[in-house]
Amino acid sequence: MMSTLTKQEFRFLEESCRFVAGEAQVEDTISLHSLIHDGTEAYLTKVKAALGTDEMDVAASLLMKRLGFLAVNCLLSMTAFNKTLKVDPANIWIDSYVENDVWLPKLRYTEVQAVEVTEFGTREEWRVQHFNELFNGVFAPLIQRMSKEAKVSRQTLWENVVLYIYWMYESILPNQQLDAPYQEEDFKSLLEADPALFGMKRNPAALFYKPKTFVELHQAEIRMRTTCCYYYKTNSEGSRCSTCPLNCNV
């Protein structure tokens, strides 16, 4: 039996995870179903203009970074609220917003339905179903399509997604006043999940989960990326992310 989120849970996702629900408040919106089944090239052309780049691979990479918040709001709901959001590409839309001159879309659910762990025999069964819906049902086909049409590696696109998941489990959840006793267990389950749940031969969540190292430039322990996301190609200063692997070659 389907449930939904409480008002407090809705508010938390809206304030922290670029999550919205209901009817669109902007004209520029597109469903994930459309991108997966009709193609990404036309939409990436619009994203290029929004980001100020002429390159499709750059637009695809930075779009996938924004879509990393879909994984964040789904997994945060699972771990913090004990509710998995029903993930249907036809009901999830990308709504375009610009904040402080930066294109920062929100992810809108036309209908929010949730499945509680009590409906399954074990938490692991419940988690695996959600991993399959989220990664195999949405991210895998979208990344496959975008990789081919924008000529960008699947590794780059997957790393863009999983870095937000690490951030959520390592930096966001531990600092919230939430009763979430399954944080470590859920994160471990994700890192050990069958690669087939991602439509890949290797689990991308585990593949990029490297130890953090001390970076003198930033005076901090940082998990350096394996791939570059091309962010530096979208700003006039050529600034790179603090985790960019290209910093090693500067």
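**Close-up views of a predicted model**

**View 1. Asp-186 and its surroundings.** Leaving aside neighbours within four places in sequence, Asp-186 is in contact with Met-78, Thr-79, Arg-123, Arg-127, Phe-131 and Tyr-169 (contact means heavy atoms within 4.5 Å). You will find Asp-186 in helix α7, residues 183-191; helices (H or I, at least four residues) and strands (E, at least two) are DSSP runs, numbered from the N terminus. Asp-186 has 0% relative accessibility, so it counts as buried (under 20% relative accessible area; exposed is over 50%, partly exposed in between; 1.4 Å probe, protein chains only).

This is a predicted model, where local features need pLDDT of at least 70, side-chain atom pairs count only at pLDDT 80 or more, and totals for chains, interfaces and linings use all residues. Residues are numbered from 1 along each chain as its sequence is written, and side-chain values use heavy atoms, with hydrogens and water left out.

**View 2. Helix α4, residues 56-81.** All 26 of the 26 residues of α4 are buried, so the rest of the structure largely encloses this helix. A kink of about 25° is centred on Arg-66 (the angle between axes fitted to the seven residues ending there and the seven starting there). Just after α4, Asn-82 takes a positive phi of about 60°.

**View 3. A sheet of four strands.** Here is an open sheet with mixed pairing, in the order β1-β7-β4-β2. At its edges, β1 (19-21) and β2 (29-31) each pair on one side only (two strands pair if DSSP finds at least two bridges between them). β2 and β4 (residues 92-95) run antiparallel, joined by three bridges. Look for Ile-30 opposite Ile-94 in β4.

Key. The expected span of a helix is 1.5 Å times one less than its number of residues.
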